[in-house]
Amino acid sequence: MLPLGRDWLAMMPLNAIDRLKQTVTESWTSPVADEVAAAWGYEPGTARWWRSSASHVFVLPDPRGKRYLRFVPESLVGAEAVAAVATLMDRLADAGTPVVRPVKAGSGRLTVTVPTAHGLMHAMVVEAAAGEEADADELTAERAQAWGRALAEVHRDAANFDAVLPQAFGELGEAAERFPDDAELVKAVARLGDRVAALPRDRAGFGVVHGDFELDNLAWEGDRATAFDFDEAARSWYAADVAYALRDLTGPDGGVAEERRALVDAFIAGYRSVRAFEDDEVERLPLFAGVHAVCSLVRIARALGTPEADEPEWLAGLRSDLEDMAKAHRELAITVAAAE
(Lines give C-alpha, C1' and ligand atoms only; values in the text may rest on other atoms or scores of the structure.)
Protein backbone atom coordinates (compact mmCIF):
# COMPACT_ATOMS: atom_id res chain seq x y z
CA MET A 1 0.00 0.00 0.00
CA LEU A 2 1.30 3.46 -0.87
CA PRO A 3 1.94 6.23 1.66
CA LEU A 4 -0.88 8.55 0.67
CA GLY A 5 -1.71 11.83 2.35
CA ARG A 6 -4.96 12.53 4.20
CA ASP A 7 -5.68 15.86 2.51
CA TRP A 8 -8.13 14.30 0.07
CA LEU A 9 -9.75 17.65 -0.71
CA ALA A 10 -6.69 18.58 -2.75
CA MET A 11 -5.87 15.16 -4.13
CA MET A 12 -4.32 14.74 -7.56
CA PRO A 13 -6.11 12.46 -10.03
CA LEU A 14 -5.60 8.84 -9.09
CA ASN A 15 -4.06 8.08 -12.49
CA ALA A 16 -1.39 10.75 -11.86
CA ILE A 17 -0.54 9.14 -8.53
CA ASP A 18 -0.46 5.69 -10.08
CA ARG A 19 1.81 6.90 -12.87
CA LEU A 20 4.42 8.03 -10.38
CA LYS A 21 3.86 4.92 -8.24
CA GLN A 22 5.00 2.78 -11.12
CA THR A 23 8.43 4.45 -10.93
CA VAL A 24 8.89 3.86 -7.19
CA THR A 25 11.25 1.07 -6.18
CA GLU A 26 11.02 -1.27 -3.19
CA SER A 27 13.31 1.14 -1.31
CA TRP A 28 10.88 4.03 -2.05
CA THR A 29 13.19 5.84 -4.47
CA SER A 30 12.14 7.08 -7.90
CA PRO A 31 14.09 8.23 -10.96
CA VAL A 32 11.56 11.04 -11.38
CA ALA A 33 12.24 12.30 -7.86
CA ASP A 34 15.98 11.96 -8.51
CA GLU A 35 15.67 14.29 -11.51
CA VAL A 36 13.81 16.86 -9.43
CA ALA A 37 15.99 16.60 -6.31
CA ALA A 38 19.12 17.21 -8.41
CA ALA A 39 18.08 20.88 -8.65
CA TRP A 40 18.88 21.11 -4.94
CA GLY A 41 22.15 19.18 -5.31
CA TYR A 42 20.93 15.81 -4.02
CA GLU A 43 22.45 12.61 -5.36
CA PRO A 44 20.28 9.94 -7.05
CA GLY A 45 18.66 7.61 -4.53
CA THR A 46 18.52 10.23 -1.77
CA ALA A 47 14.82 11.13 -2.00
CA ARG A 48 12.40 8.57 -0.52
CA TRP A 49 8.70 8.62 -1.26
CA TRP A 50 6.58 9.63 1.72
CA ARG A 51 3.11 10.38 0.34
CA SER A 52 1.08 11.67 -2.61
CA SER A 53 -2.02 13.84 -2.37
CA ALA A 54 -2.04 17.48 -3.52
CA SER A 55 1.58 16.91 -4.59
CA HIS A 56 4.15 14.14 -4.57
CA VAL A 57 6.20 14.38 -1.37
CA PHE A 58 9.61 12.77 -0.81
CA VAL A 59 11.76 12.82 2.30
CA LEU A 60 15.28 14.18 1.89
CA PRO A 61 17.65 12.99 4.63
CA ASP A 62 20.16 15.81 5.11
CA PRO A 63 22.93 16.47 7.66
CA ARG A 64 21.51 19.99 8.02
CA GLY A 65 18.14 18.54 9.05
CA LYS A 66 15.44 16.50 7.33
CA ARG A 67 13.72 18.19 4.43
CA TYR A 68 10.80 17.44 2.13
CA LEU A 69 10.76 17.60 -1.64
CA ARG A 70 7.33 18.48 -3.04
CA PHE A 71 6.49 18.49 -6.75
CA VAL A 72 3.45 18.45 -8.99
CA PRO A 73 2.98 17.93 -12.75
CA GLU A 74 2.65 20.98 -14.98
CA SER A 75 -0.56 19.47 -16.34
CA LEU A 76 -2.21 19.95 -12.93
CA VAL A 77 -0.72 23.11 -11.41
CA GLY A 78 1.10 26.01 -13.05
CA ALA A 79 4.53 27.29 -12.09
CA GLU A 80 3.15 30.64 -10.87
CA ALA A 81 0.83 28.94 -8.38
CA VAL A 82 3.67 26.88 -6.88
CA ALA A 83 5.93 29.94 -6.74
CA ALA A 84 3.23 31.97 -4.97
CA VAL A 85 2.92 29.36 -2.22
CA ALA A 86 6.69 29.19 -1.73
CA THR A 87 6.95 32.98 -1.60
CA LEU A 88 4.13 33.19 0.92
CA MET A 89 5.82 30.63 3.19
CA ASP A 90 9.16 32.41 2.88
CA ARG A 91 7.69 35.78 3.81
CA LEU A 92 5.80 34.33 6.74
CA ALA A 93 8.95 32.62 8.02
CA ASP A 94 10.85 35.91 7.68
CA ALA A 95 8.14 37.61 9.73
CA GLY A 96 8.58 35.08 12.52
CA THR A 97 5.28 33.32 11.86
CA PRO A 98 5.51 29.66 13.01
CA VAL A 99 5.67 28.03 9.56
CA VAL A 100 8.28 25.87 7.83
CA ARG A 101 10.69 27.66 5.52
CA PRO A 102 11.30 26.84 1.84
CA VAL A 103 14.88 25.96 0.87
CA LYS A 104 16.47 27.70 -2.10
CA ALA A 105 17.60 25.52 -5.00
CA GLY A 106 21.11 25.69 -6.44
CA SER A 107 19.84 28.43 -8.76
CA GLY A 108 18.89 30.55 -5.77
CA ARG A 109 15.18 30.24 -6.54
CA LEU A 110 12.55 28.93 -4.13
CA THR A 111 10.84 26.88 -6.84
CA VAL A 112 12.17 25.10 -9.90
CA THR A 113 10.54 23.65 -13.02
CA VAL A 114 12.31 20.42 -13.95
CA PRO A 115 11.89 18.45 -17.19
CA THR A 116 11.56 14.75 -16.32
CA ALA A 117 10.73 11.53 -18.08
CA HIS A 118 7.14 12.16 -16.90
CA GLY A 119 6.96 15.74 -18.15
CA LEU A 120 7.55 19.09 -16.47
CA MET A 121 7.41 19.11 -12.67
CA HIS A 122 7.11 22.24 -10.54
CA ALA A 123 8.98 21.70 -7.29
CA MET A 124 10.00 23.16 -3.98
CA VAL A 125 11.86 21.89 -0.92
CA VAL A 126 10.85 22.77 2.63
CA GLU A 127 12.49 22.27 5.98
CA ALA A 128 10.93 19.71 8.30
CA ALA A 129 8.85 21.13 11.14
CA ALA A 130 10.35 20.47 14.54
CA GLY A 131 8.19 18.59 17.01
CA GLU A 132 5.51 15.91 16.96
CA GLU A 133 2.08 15.55 15.42
CA ALA A 134 -1.07 15.29 17.53
CA ASP A 135 -4.61 14.23 16.72
CA ALA A 136 -7.96 15.43 18.01
CA ASP A 137 -8.10 12.77 20.73
CA GLU A 138 -4.84 14.09 22.19
CA LEU A 139 -5.89 17.73 22.06
CA THR A 140 -5.88 19.70 25.31
CA ALA A 141 -7.49 23.07 25.94
CA GLU A 142 -4.01 24.63 26.04
CA ARG A 143 -3.07 23.18 22.68
CA ALA A 144 -6.45 24.08 21.18
CA GLN A 145 -5.85 27.66 22.24
CA ALA A 146 -2.33 27.59 20.76
CA TRP A 147 -3.76 26.10 17.56
CA GLY A 148 -6.21 28.97 17.18
CA ARG A 149 -3.47 31.47 17.97
CA ALA A 150 -1.20 29.98 15.31
CA LEU A 151 -3.88 30.24 12.61
CA ALA A 152 -4.62 33.84 13.57
CA GLU A 153 -0.89 34.63 13.25
CA VAL A 154 -0.90 33.27 9.70
CA HIS A 155 -3.95 35.38 8.83
CA ARG A 156 -2.47 38.48 10.42
CA ASP A 157 0.99 38.16 8.91
CA ALA A 158 -0.21 37.24 5.41
CA ALA A 159 -2.69 40.10 5.18
CA ASN A 160 -0.51 42.21 2.85
CA PHE A 161 0.74 39.38 0.66
CA ASP A 162 0.32 40.56 -2.92
CA ALA A 163 1.15 37.51 -5.08
CA VAL A 164 -1.67 35.90 -7.06
CA LEU A 165 -3.46 33.13 -5.16
CA PRO A 166 -6.66 31.35 -6.22
CA GLN A 167 -10.04 32.39 -4.91
CA ALA A 168 -11.50 29.73 -2.63
CA PHE A 169 -14.64 27.77 -3.49
CA GLY A 170 -14.28 27.91 -7.26
CA GLU A 171 -15.73 24.40 -7.31
CA LEU A 172 -19.17 25.71 -6.32
CA GLY A 173 -19.77 26.82 -9.90
CA GLU A 174 -18.87 23.37 -11.22
CA ALA A 175 -20.92 21.26 -8.83
CA ALA A 176 -24.30 21.49 -10.55
CA GLU A 177 -22.80 20.49 -13.90
CA ARG A 178 -20.81 17.67 -12.34
CA PHE A 179 -23.86 16.15 -10.54
CA PRO A 180 -26.83 17.12 -12.77
CA ASP A 181 -28.90 14.04 -11.87
CA ASP A 182 -28.73 14.68 -8.12
CA ALA A 183 -31.59 17.16 -7.73
CA GLU A 184 -31.32 17.30 -3.93
CA LEU A 185 -27.63 18.14 -4.10
CA VAL A 186 -28.08 20.69 -6.90
CA LYS A 187 -30.68 22.47 -4.79
CA ALA A 188 -28.34 22.47 -1.79
CA VAL A 189 -25.45 23.83 -3.87
CA ALA A 190 -27.61 26.68 -5.14
CA ARG A 191 -28.66 27.55 -1.59
CA LEU A 192 -25.12 27.49 -0.26
CA GLY A 193 -23.82 29.41 -3.27
CA ASP A 194 -26.37 32.18 -2.73
CA ARG A 195 -25.40 32.48 0.94
CA VAL A 196 -21.69 32.72 0.15
CA ALA A 197 -22.22 35.22 -2.68
CA ALA A 198 -23.98 37.55 -0.24
CA LEU A 199 -21.10 37.63 2.24
CA PRO A 200 -18.89 40.74 2.49
CA ARG A 201 -15.26 40.55 1.34
CA ASP A 202 -13.83 43.29 3.49
CA ARG A 203 -10.25 43.12 4.79
CA ALA A 204 -11.47 42.38 8.31
CA GLY A 205 -12.94 39.03 7.31
CA PHE A 206 -11.42 38.12 3.94
CA GLY A 207 -7.80 37.64 2.93
CA VAL A 208 -5.00 35.10 2.55
CA VAL A 209 -5.75 31.77 4.23
CA HIS A 210 -3.77 28.58 4.77
CA GLY A 211 -6.57 26.40 3.38
CA ASP A 212 -5.91 23.23 5.38
CA PHE A 213 -4.90 24.16 8.95
CA GLU A 214 -5.91 20.82 10.41
CA LEU A 215 -3.91 19.09 13.12
CA ASP A 216 -2.25 16.80 10.54
CA ASN A 217 -0.49 19.85 9.11
CA LEU A 218 0.99 21.03 12.40
CA ALA A 219 4.00 19.92 14.42
CA TRP A 220 4.09 20.59 18.16
CA GLU A 221 6.88 21.47 20.55
CA GLY A 222 5.08 21.70 23.86
CA ASP A 223 2.16 24.03 23.18
CA ARG A 224 3.80 25.76 20.22
CA ALA A 225 2.56 24.73 16.78
CA THR A 226 4.47 25.04 13.50
CA ALA A 227 2.46 24.87 10.28
CA PHE A 228 3.39 23.22 7.00
CA ASP A 229 1.64 22.09 3.78
CA PHE A 230 0.43 25.34 2.24
CA ASP A 231 -0.74 23.66 -0.98
CA GLU A 232 -4.27 25.02 -0.48
CA ALA A 233 -3.33 28.63 0.29
CA ALA A 234 -5.93 30.92 -1.24
CA ARG A 235 -7.93 34.11 -0.79
CA SER A 236 -11.01 33.39 1.24
CA TRP A 237 -12.95 34.22 4.36
CA TYR A 238 -10.96 33.73 7.55
CA ALA A 239 -14.00 32.01 9.05
CA ALA A 240 -13.85 29.45 6.22
CA ASP A 241 -10.26 28.67 7.17
CA VAL A 242 -11.32 28.23 10.80
CA ALA A 243 -14.22 25.98 9.79
CA TYR A 244 -11.99 23.69 7.74
CA ALA A 245 -9.34 23.55 10.46
CA LEU A 246 -11.96 22.47 13.00
CA ARG A 247 -13.66 19.81 10.91
CA ASP A 248 -12.51 16.97 13.17
CA LEU A 249 -14.30 18.71 16.05
CA THR A 250 -17.64 19.20 14.31
CA GLY A 251 -20.66 16.97 13.89
CA PRO A 252 -22.60 15.73 10.83
CA ASP A 253 -24.54 19.01 10.67
CA GLY A 254 -21.41 21.17 10.45
CA GLY A 255 -21.92 22.46 13.98
CA VAL A 256 -19.70 21.90 16.97
CA ALA A 257 -19.85 18.38 18.38
CA GLU A 258 -21.07 18.84 21.98
CA GLU A 259 -18.26 16.75 23.47
CA ARG A 260 -15.74 18.97 21.65
CA ARG A 261 -17.29 22.34 22.51
CA ALA A 262 -14.72 23.26 25.17
CA LEU A 263 -11.89 22.64 22.70
CA VAL A 264 -13.55 24.75 20.00
CA ASP A 265 -14.13 27.54 22.52
CA ALA A 266 -10.44 27.36 23.46
CA PHE A 267 -9.45 27.52 19.79
CA ILE A 268 -11.60 30.62 19.23
CA ALA A 269 -10.21 32.24 22.37
CA GLY A 270 -6.67 31.60 21.15
CA TYR A 271 -7.52 33.06 17.74
CA ARG A 272 -9.06 36.14 19.34
CA SER A 273 -5.92 36.72 21.40
CA VAL A 274 -4.18 37.64 18.11
CA ARG A 275 -6.87 39.16 15.89
CA ALA A 276 -10.59 39.84 16.00
CA PHE A 277 -13.09 37.09 15.23
CA GLU A 278 -16.63 38.39 15.50
CA ASP A 279 -19.67 36.46 16.72
CA ASP A 280 -21.22 36.55 13.24
CA GLU A 281 -18.08 34.83 11.90
CA VAL A 282 -18.51 32.09 14.48
CA GLU A 283 -22.13 31.71 13.36
CA ARG A 284 -20.96 31.15 9.76
CA LEU A 285 -18.81 28.15 10.59
CA PRO A 286 -21.54 25.58 9.72
CA LEU A 287 -22.17 27.40 6.41
CA PHE A 288 -18.52 27.11 5.46
CA ALA A 289 -18.48 23.47 6.54
CA GLY A 290 -21.25 22.84 4.03
CA VAL A 291 -19.50 24.78 1.28
CA HIS A 292 -16.27 22.90 1.91
CA ALA A 293 -18.24 19.66 1.61
CA VAL A 294 -19.47 20.64 -1.87
CA CYS A 295 -15.95 21.54 -2.97
CA SER A 296 -14.70 18.23 -1.61
CA LEU A 297 -17.31 16.39 -3.68
CA VAL A 298 -16.12 18.09 -6.85
CA ARG A 299 -12.46 17.45 -6.13
CA ILE A 300 -13.06 13.83 -5.26
CA ALA A 301 -14.96 13.39 -8.53
CA ARG A 302 -12.02 14.90 -10.42
CA ALA A 303 -9.57 12.63 -8.62
CA LEU A 304 -11.61 9.49 -9.26
CA GLY A 305 -11.82 9.91 -13.02
CA THR A 306 -12.76 6.80 -14.96
CA PRO A 307 -11.37 3.50 -13.64
CA GLU A 308 -9.39 1.35 -16.04
CA ALA A 309 -10.18 -2.31 -16.52
CA ASP A 310 -6.84 -3.44 -15.09
CA GLU A 311 -6.80 -1.06 -12.13
CA PRO A 312 -4.39 -2.29 -9.42
CA GLU A 313 -5.79 -3.46 -6.09
CA TRP A 314 -4.39 -0.56 -4.05
CA LEU A 315 -6.00 1.94 -6.42
CA ALA A 316 -9.36 0.18 -6.34
CA GLY A 317 -9.24 0.25 -2.53
CA LEU A 318 -8.47 3.95 -2.48
CA ARG A 319 -11.23 4.61 -4.99
CA SER A 320 -13.71 2.84 -2.69
CA ASP A 321 -12.55 4.90 0.30
CA LEU A 322 -12.99 8.14 -1.64
CA GLU A 323 -16.45 7.13 -2.82
CA ASP A 324 -17.49 6.53 0.80
CA MET A 325 -16.04 9.89 1.76
CA ALA A 326 -17.99 11.56 -1.04
CA LYS A 327 -21.24 10.18 0.37
CA ALA A 328 -20.49 11.77 3.76
CA HIS A 329 -19.68 15.11 2.12
CA ARG A 330 -22.94 14.99 0.16
CA GLU A 331 -24.98 14.43 3.31
CA LEU A 332 -23.19 17.25 5.12
CA ALA A 333 -23.79 19.71 2.27
CA ILE A 334 -27.49 18.88 2.08
CA THR A 335 -27.94 19.03 5.87
CA VAL A 336 -26.23 22.43 6.18
CA ALA A 337 -28.12 23.88 3.20
CA ALA A 338 -31.43 22.83 4.73
CA ALA A 339 -30.57 24.71 7.93
CA GLU A 340 -29.54 27.94 6.18
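Our talk below takes up the overall fold, the strands, a helix pair and a loop residue.

Trainee: Before we start, what should I keep in mind?
Mentor: This is a predicted model, in which local features need pLDDT of at least 70 and side-chain atom pairs count only at pLDDT 80 or more, while totals for chains, interfaces and linings use all residues. Residues are numbered from 1 along each chain as its sequence is written, and side-chain values use heavy atoms, with hydrogens and water left out.

Trainee: How many helices and strands are in the protein chain, and what makes a stretch count as one?
Mentor: The chain has 11 helices and 10 strands.

Trainee: Why is the chain called as compact as a globular protein of its length?
Mentor: The globule rule is 2.2 Å times the number of residues to the power 0.38, and the radius of gyration is taken over C-alpha atoms. For 340 residues the rule gives 20 Å and the chain's radius of gyration is 20 Å, so it is as compact as a globular protein of that length. Its C-alpha atoms fill a box of roughly 55 × 50 × 35 Å along the principal axes.

Trainee: How do you know that β3 and β6 pair?
Mentor: Pairing asks that DSSP find at least two bridges between two strands.

Trainee: What makes β4 a partner of β6?
Mentor: Strand β4 (residues 102-103) is joined to β6 by 2 bridges, again antiparallel, and at least two are needed. V103 stands opposite V125 in β6.

Trainee: Which strand forms a hairpin with β6?
Mentor: That is β5, with 2 residues between the strands. The 6 bridges between β5 (residues 111-116) and β6 join them antiparallel, and V114 is partnered with M121.

Trainee: What is found in the hairpin of β8 and β9?
Mentor: There are 2 residues between its strands, and G222 takes a positive phi near 65°. Antiparallel β8 (residues 218-221) and β9 (residues 224-227) are joined by 4 bridges, with L218 opposite A227.

Trainee: How do you describe the packing of α4 and α7?
Mentor: Helix α4 (residues 141-157) and helix α7 (residues 238-245) pack at an angle of about 145°, with axes 11 Å apart. Axes are lines fitted to C-alpha atoms, for helices over the stretch in contact, and angles run from 0 to 180 degrees between N-to-C directions.

Trainee: Which residues meet there?
Mentor: W147, L151 and H155 in α4 meet Y238, D241, V242 and A245 in α7.

Trainee: What is A163 in contact with, beyond its sequence neighbours?
Mentor: Leaving aside neighbours within four places in sequence, A163 is in contact with A84 and R235; contact means heavy atoms within 4.5 Å. A163 lies in the loop between α4 and α5 (172-178).
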